[in-house]
Amino acid sequence: MSGEKIDQMIRSSVMEDASSLEMDSADMDSAHGPSGYRGLFKCSNIFLYSLFASLGGFLFGYDQGVISGVLVMRDFETRFPRIGGNGDLQGWVVSIMQLGAFIGALINSPLADRLSRRYSIAVACVAFLIGSVLQAGALDNSMLFVGRFIGGIGLGQISMGVPLWIGEIAPPNLRGSAVTLQQFAIASGIMISFWLDYATQYIGGIGEGQSQLAWRLPFSLRVVPAATLLIGCFVYLPFSPRWLVKVGREHEALAVLSRLRKLPENHPVVQAEITQIKAGARFDALTIKEKFPNAKTPAQIAYQQYKELFTQRHLSKRLFVACFLQFLQQFTGVNAIIYYAPKMFKSIGLSGNSIPLLATGVVGIINVVATIPAIGIVDNFGRRGVLMVGAVFMSLSHFIIATLYAIYENSWAENLSAGWAAASFVWFFVFHFAYSVGCISWIYPTEIFPLGVRAQAMGIAISVNWISNFVIGLITPIMLTQIRFGTFYFFFAFTMILFLWVMFFLPETKGIPMEEMDKLWGGNEGKETAERMARIQNELQCESRNIPIYSKTSSYSDEVDIELQEQY
Ligand code: BGC
């Protein structure tokens, strides 16, 4: 039996059980309502929950952005001569945060599975708060380093936990838009931290008398959104219904789902979705149980799940895609601009004290503004189209900047308009990054993995984002000095790779329910799989009709449920 056939069987049984209404896949999608802004306003609770959780993205952006302004503040330079100004430890104090985040993204997988997506975000906020307090109160270099490292761990966890949670609460028609709110929040965090640094540098004056508040304040203010998110994890955000099903709390999952969809528990759409989620979760649990009968403890199961990710072809394919997308997102060179924009603007002849900083401020604003249409389009136009359009314009920008740089590198002063043209293409690049790969690289990994390995896979993918971010932070200043205009040809090459790779290899995921992603990757093929699916389908059909299940197969899922409850 083909995978597709099985899916159809599950789907038709689901529909039958739910209401005896006849709904096919397209009906299901439209039953969830419109996508984009219209959908978000209609599903206001999904919008508000996602927006609130995106405070995590705000922290991410704020933390990335705040350091560049602080490093050049007079009082900071005086207190930390090896870090501020041109200090020899500067690169490290910036990048130790990314290293922490790399670790944070990885360790969040077991936490998100064991504690829940929601509480793993709370743990992340605590780490972030500790890091922030250490940085704001830093008396010496080591306090700053430790603070940035611990804060970075929290940030890595947040950057993985928030999109994971949002992706799991959103209906398929709004998943892209809802996760895009995180990118919107990242961009807002970068922009606000930049302008805040710009304002607080005047506390006590920008010269000798500058107050230490000038830098301690921007470091401390982030505790406000972090503490708000922490409290919200306990009093506002619901559990992910998919996580609840995964740990065997199916009744709660149904209640949460009905609240999220603003529909009664017995509504056909809610029933269809919960049955689909249950089928996916049971399938994963049963697969592990049958393939690895000796894996009993959560650690053994987690180990097998990690192993599966690398050894099962359909999973390793997805893992590669998720990681490569993260890698390419960073190698578009966006952070070369975010971190080094003032330096770049200076080098292309925009002189004067405030012009490079203001030009950088414009980067921040464009980055936010360009994310706004993305919220409306990713679920309408699909991931591939948006990525390809973005990649074409990003490559074009890099190509033009590189060429202008090559021609005018020794004569910017006499060719001011060439400098402004190059600056405009830096802004043009940021615009096209923000709505395309900026958003989609967060959406894609949340949606392509089966529930059983989703947290692990996301942890790995997001850690690739952070380690690539780290590499870019480190190599950009070297490239700008050594290969100069070649730096932009280098990024041009990667944006072209992004375009070609998406065009030829990346499958479209728009509107596909998470539990049906297997179809795209060949995950539900094979005889064994077909039998397993059929057994689950049989059970779910019986359950939803309240028929006691006496068949031999039923004991599988009962056992799996009991085991899951014991584990958690
Ligand atoms: C990236 C960050 C980048 C930001 C810019 C995010 O999607 O992961 O590294 O600084 O976008 O807006």
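**Entries on the ligand shell**

I began with the helices and found that α10 gives the most to the shell around the ligand, with three residues. The model I am reading is predicted.

I then listed each element that gives two or more residues to this shell: α5 (55-71), α10 (175-200), α17 (313-331), α23 (437-448) and α24 (451-482).

I looked up the domains next. Domain 2 (33-237) and domain 3 (305-508) each supply at least three residues to the shell around the ligand.

Which residues come nearest to the ligand? Of the 14 around it, I noted Gln-64, Gln-183, Gln-329, Asn-335 and Asn-367.

I sorted the shell by residue class. I recorded five nonpolar and nine polar residues, and no charged ones.

For Gln-183, I read 2.6 Å between a polar side-chain atom and a ligand oxygen. For Asn-335, an N or O atom of the side chain is 2.6 Å from an oxygen atom of the ligand. For Gln-330, the corresponding entry is 2.9 Å, again from a side-chain N or O atom to a ligand oxygen.

How much of the ligand's accessible area does the protein cover? On its own the ligand has 310 Å² of accessible area, and I found that the protein covers 100% of this.

Last, I checked the space that the ligand takes, and I noted that this space is the second largest cavity.

Technical notes. Residues are numbered from 1 along each chain as its sequence is written. This is a predicted model: local features need pLDDT of at least 70, side-chain atom pairs count only at pLDDT 80 or more; totals for chains, interfaces and linings use all residues. Side-chain values use heavy atoms; hydrogens and water are left out. A residue is near a molecule or strand if one of its heavy atoms lies within 4 Å of it. A polar contact is a pair of N or O atoms within 3.5 Å; within protein, one must be able to donate a hydrogen and the other to accept it, and residues adjacent in sequence count only if both atoms are side-chain atoms. Accessible areas come from the Shrake-Rupley method with a 1.4 Å probe; for residues, only the protein chains shown count as cover. On a 1 Å grid over the protein atoms alone, a cavity is a set of points where a 1.4 Å probe fits but cannot get out, and a pocket is an open set with protein on both sides within 12 Å along at least five of seven lines; lining residues have an atom within 4 Å of a point. A molecule sits in a cavity or pocket if more than half of its atoms lie within 2 Å of its grid points. Helices (H or I, at least four residues) and strands (E, at least two) are DSSP runs, numbered from the N terminus. Ala, Val, Leu, Ile, Met, Phe, Trp, Tyr, Cys and Pro count as nonpolar, Asp, Glu, Lys and Arg as charged, and the others, Gly among them, as polar. Domain bounds come from an automatic or database domain assignment.
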